[in-house]
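Trainee: I would like to learn how to read a two-chain model. Could you walk me through one?

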Amino acid sequence: NAGVTQTPKFRILKIGQSMTLQCAQDMNHNYMYWYRQDPGMGLKLIYYSVGAGITDKGEVPNGYNVSRSTTEDFPLRLELAAPSQTSVYFCASSFGTNTGELFFGEGSRLTVL
Amino acid sequence: DAKTTQPTSMDCAEGRAANLPCNHSTISGNEYVYWYRQIHSQGPQYIIHGLKNNETNEMASLIITEDRKSSTLILPHATLRDTAVYYCIVRAPTSNTGKLIFGQGTTLQVKP
């Protein structure tokens, strides 16, 4: 049981490049989330999904896209990378029950130069 | 979801109890209080949650005041490995998204 797995762990992009951060969970969770965390700051919700085929915007969705074709996977797409997107990205999942317990991945550190 | 207010930072001596306060004066009757922590560079980790009764698990205790406007997370015997940012979050379980909104949290430094 690997939990929430994120790839890659580190990536450097040039301005204007595109990339996809991968997130997979093996806990059969319906709910999945993407957060970003800038240095010294708290986590900000980018997008979330309550099930396959259903996604919605969080607090800071601009510059990102997501899809949820399966229960297990929730990739985050950056289309035109900007320096402001330099951050650590965390994927999380949950049953979505009243416990509110989110399980987080180890994070993906992205630098845009 | 109600907002929370936490001190920016706190220190605690190793082996002593760490008491982390959280104010949530606008909390609604159906909103739960959740605590997470984030050890440097890692993803946040769930600690505990409660509605109005005090709660205890293997990691910590959660004390919620009778009027529910504030709460305290207690780490009974803090160790150096408890040094982390602690987040207090209030959320209504009736929310069908399950999402949590994180604030700035409290940086707890456990000192030898």
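This is a predicted model: local features need pLDDT of at least 70, side-chain atom pairs count only at pLDDT 80 or more; totals for chains, interfaces and linings use all residues.

Trainee: How many residues of chain A are in contact with chain B?

Mentor: On the chain A side there are 23 residues, and they meet 21 residues of chain B.

Trainee: Which strands of chain A supply at least two residues each to the side that touches chain B?

Mentor: Those are β4 (31-37) and β5 (43-51) of chain A. Sorted by type, the residues on this side of chain A are 11 nonpolar, 8 polar and 4 charged.

Trainee: How many salt bridges and polar contacts are there between the chains?

Mentor: The count of salt bridges between chain A and chain B is 0. For polar contacts, the count is 5 residue pairs, taking pairs with both residues at pLDDT 80 or more.

Trainee: Now the strands. What is the order of strands in the open sheet of chain A?

Mentor: Read across the sheet, and you find 4 strands in the order β1-β3-β8-β7, with antiparallel pairing. β1 (4-7) and β7 (64-66) of chain A are the edge strands, since each pairs on one side only. From one strand to the next, the twist averages 20 degrees.

Trainee: How many bridges join β1(A) to β3 of chain A?

Mentor: There are 4 bridges between β1(A) and β3 (residues 19-25), and the two strands run antiparallel. To find your place in that pair, look for A:Q6, which stands opposite A:C23 in β3(A).

Trainee: Which strands of chain B pair with β7(B)?

Mentor: One is β2 (residues 18-23), joined to β7 (residues 70-75) of chain B by 6 bridges in an antiparallel run. In that pair, B:N19 is opposite B:I74. Another is β6 (residues 61-64) of chain B, which pairs with β7(B) in the antiparallel sense over 4 bridges. There, B:L62 has B:L73 as its bridge partner.

Trainee: What should I look at in the hairpin of β6(B) and β7(B)?

Mentor: Look at the 5 residues between the strands, and at B:R68, which takes a positive phi near 65 degrees.

Key
Residues are numbered from 1 along each chain as its sequence is written. Chains are lettered from A and ligands numbered from 1 in the order in which they are written. Side-chain values use heavy atoms; hydrogens and water are left out. Contact means heavy atoms within 4.5 Å. A salt bridge is a side-chain nitrogen of Lys or Arg within 4 Å of a carboxyl oxygen of Asp or Glu. A polar contact is a pair of N or O atoms within 3.5 Å; within protein, one must be able to donate a hydrogen and the other to accept it, and residues adjacent in sequence count only if both atoms are side-chain atoms. Ala, Val, Leu, Ile, Met, Phe, Trp, Tyr, Cys and Pro count as nonpolar, Asp, Glu, Lys and Arg as charged, and the others, Gly among them, as polar. Two strands pair if DSSP finds at least two bridges between them. Axes are lines fitted to C-alpha atoms, for helices over the stretch in contact, and angles run from 0 to 180 degrees between N-to-C directions.
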